[in-house]
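Visitor: I'm new here and would like a close look at one part. Could you walk me through the salt bridges, please?

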Amino acid sequence: QPIFSTRAHVFQIDPNTKKNWVPTSKHAVTVSYFYDSTRNVYRIISLDGSKAIINSTITPNMTFTKTSQKFGQWADSRANTVYGLGFSSEHHLSKFAEKFQEFKEAARLAKEKSHEKMELTSTPSQESAGGDIQSPLTPESINGTDDERATPEVTQNSEPRAEPTQNALPFTHSSTISKHWEAELATLKGNNAKLTAALLESTANVKQWKQQLAVYQEEAERLHKRVTELECVSSQANAVHTHKTELNQTIQELESTLKKKEEEIEGLKQEIDNARELQAQRDSLTQKLQ
């Protein structure tokens with residue numbers, strides 16, 4: 001039975017561009033949290049008909065990021081993708097994010113308890129088997145070497161057991177490095193998603209400022225025409241002069257506002273260029289990591 005369920009539109013990052021979102025559901029579907037008691041892990045699962053469009057195991061190093069009021073995302077390094085969810089309201093997004101953090105913490109505690117149990121159960125084996133406990137993933141430590149299987153009485157001596165442990169060290173070291181780079185790659189993917197969202201937001205802001213700038217320009221032209229018309233009226237020279245002064249002041253204020261908006265647009269353009277440069281650096285780093 002699901003622990004928590006909600007409805008959302010499901011997206012995945014485009015595997016080719018790593019920039020655009022690809023919808024994996026035509027409409028809002030049920031997205032649920034499950035607890036896998038067999039493996040002692042928490043999962044996020046969503047089905048579209050009989051097809052599983054989300055099957056993500058929550059790990060302690062995952063992060064759920066709110067990129068807008070109704071959209072959130074997280075990177076799954078095991079599935080080598082980034083999932084995105086579009087909610088109908090900010091409340092549903094916040095509730096899902098709270099549950100994500102809650103089950104992420106529960107997964108961390110479960111992982112720590114699992115490590116503690118493994119350490120407790122491995123202590124007797126370490127005392128009796130010497131250095132074998134340091135290499136649990138090597139075939140030699142599970143089945144024994146050819147010499148150990150042929151002469152079981154030698155197991156009482158710790159010296160023949162030292163060789164498998166030494167052979168396992170490069171494997172353990174490479175596994176640690178691999179996990180480190182996987183974490184780095186997941187971090188870069190998360191940063192890429194944030195940069196993409198920031199770039200889209202900056203582009204939208206530039207369009208908005210351009211629209212406002214066009215409105216201000218139209219208003220300034222209208223006021224200039226009005227000043228010209230008032231100058232043609234001689235019977236009300238004093239009133240026209242006062243009105244003209246006020247209009248000129250208004251024009252100056254509008255021109256000052258236009259100048260500020262243009263500076264803001266230039267700043268936004270600079271931010272977009274910086275974001276694109278960071279994105280290019282991110283692509284280069286991703287290629288190096290891969």
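Guide: Let's start with Glu219 and Arg222, whose side chains meet in a salt bridge, with N to O at 2.7 Å. The term stands for a side-chain nitrogen of Lys or Arg within 4 Å of a carboxyl oxygen of Asp or Glu. This is a predicted model, in which local features need pLDDT of at least 70 and side-chain atom pairs count only at pLDDT 80 or more, while totals for chains, interfaces and linings use all residues. Residues are numbered from 1 along each chain as its sequence is written, and side-chain values use heavy atoms, leaving out hydrogens and water.

Glu219 and Arg222 sit 3 residues apart in helix H4 (residues 162-232), about one turn of the helix. Helices here are DSSP runs of H or I with at least four residues, numbered from the N terminus. Glu219 has a relative accessible area of 30% and Arg222 has 47%. Both values fall in the partly exposed range, between buried (under 20%) and exposed (over 50%), using a 1.4 Å probe and protein chains only.

Lys261 is buried at 14%, whereas Glu264 is partly exposed at 35%.

Next come Asp283 and Arg282, which form a salt bridge at 2.0 Å, N to O. Arg282 is buried at 7%, while Asp283 is partly exposed at 24%. Elsewhere, salt bridges with shared partners link Glu105, Arg108 and Glu112 into one network. By this rule, the count comes to 8 salt bridges.

Definitions and conventions: Helix = DSSP H or I, 4+ residues; strand = E, 2+ residues; numbered from the N terminus.
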